[in-house]
Amino acid sequence: MMAAMVTPDRPQSEDFLELVERAKRGKLKLYVGFAAGVGKTFRMLEEARALRQRGVDVVIGLIDTHGRPETEALLEGLEVIPRRKQEYRGIVVDDMDLDAIRARSPTVVIVDEIPHTNIPGSKNKKRFQDVIELLDAGINVIGAMNVQHLDSLKGLVQRSTGVVVRESVPDSFLKQAAQIVNVDLSVEDLLERVQAGKVYALENVTGALENFFRSENLAVLRELALREVASSVEKATEHPSRGALPDPLAPDRGRVMVCMSSYPPHATTLLRRGSRAAGRLHTDWFVVYVETPQESPDRIDSEAQRHLHANIELARELGAVVVRIRGKDPVAAILEFARSHGIGLIIVGRSQQPWYRRLLGRSVPYRLLHEASNFDVHVVAMSDDGRPS
């Protein structure tokens, strides 16, 4: 099932049209997903048809249906601005006609595939720059993109999935959106759509499943989409007109904390679990590393140092605030931090310590379960291959 995430603290009746009517500069609404086939284009066209039924002057600036019949059917009855054609390297290619849209000056224009690079010789190099020009001209835009095309996530996506993202938009573009909708679909449902030929032609399915559409890749991208949209939505609500912001350290904020050791074998899984939890709770999250005397920089080996720095960098890229605390007792340090920073959920991996320490109740997860009486504690169990069991 697809799920939409709308800006909190706004009644759902306050839809995109109401934002449009209050604006002089055009307003931007973005449908964000984690892969082709989750339903972004379908959702945009559904909204375009609903706006048209309400008497709004809406046109299609550019839509790529990828030959999907159910998507193409939604174009019926909608005005489509013809694409601009241009010869390039001996062939005729087409692209969105920015000048024609500006001359038509609709109230709302639908623009798909926002990270796209324009035809050489176009006024703007990138389609997101076309969108900004339309907004500046007072034309409202409903657009779509996938989360991996954000500049700040390209490196993380490549390291996590091996996928090289060649087209991107700056993070500042996402911040211009008045509304952001996360078009979500379970990985299993998306893979079923791909296998049935509903995303790509059947002759291309095998290649897609062997490359980009591997389940582990999709899981990473889905988590990023959930987290990024949740973070952007939360920031959008922090507006001076709403009055004073709540105390960020207030306990009722229910923040998330991931506990990380100097060389955790499954740190990536823990960090993604923390990112997902924070995204679902629409709250901040921390990664806390307690440096005991036995784990001071001059006492841990170079490999552990390398893994620690890599995990800290990954945590920051996923949006966490990384905190290093010095202390003899890691559990006492963790609980002191949790009490002072409004933590509601503590996430920790299952102990890798010897069985006799766990039997004696001296492992960190065991102690947290018994001493963190005012917090929810989630112990992530791992199977031998590093996946949550």
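A residue is called buried when its relative accessible area is under 20%, exposed when that area is over 50%, and partly exposed in between, using a 1.4 Å probe and protein chains only. Keep this in mind on the tour of a predicted model, in which local features need pLDDT of at least 70, side-chain atom pairs count only at pLDDT 80 or more, and totals for chains, interfaces and linings use all residues. Residues are numbered from 1 along each chain as its sequence is written, and side-chain values use heavy atoms, with hydrogens and water left out.

**Stop one: the sheet**

Begin by selecting the strands of the open sheet, which has 6 strands in the order E3-E2-E6-E7-E1-E8 with parallel pairing; here helices (H or I, at least four residues) and strands (E, at least two) are DSSP runs numbered from the N terminus, and two strands pair if DSSP finds at least two bridges between them. At the edges are strand E3 (79-80) and strand E8 (179-182), each of which pairs on one side only. In general, the strands of a sheet pair through backbone hydrogen bonds, either parallel or antiparallel.

Now select residues 58-62, strand E2, together with residues 108-111, strand E6, and you will have a parallel pair with 4 bridges, in which Leu62 stands opposite Val111 of E6.

**Stop two: the salt bridges**

A salt bridge is a side-chain nitrogen of Lys or Arg within 4 Å of a carboxyl oxygen of Asp or Glu, and by this rule the count comes to 17.

Select Asp95 and Arg127, whose side chains meet in a salt bridge at 2.8 Å, N to O. This pair links distant parts of the chain, since Asp95 is in strand E5 (residues 91-95) and Arg127 in helix H5 (residues 127-136), 32 residues apart. Asp95 is buried at 2% relative accessible area, and Arg127 is buried at 3%.

Move on to Asp284 and Arg255, whose closest N and O atoms are 3.1 Å apart. Asp284 lies in the loop between helix H11 (267-281) and strand E10 (285-291), and Arg255 in strand E9 (residues 255-260), so the pair ties together parts that are 29 residues apart in sequence. Asp284 is partly exposed at 25%, whereas Arg255 is buried at 5%.
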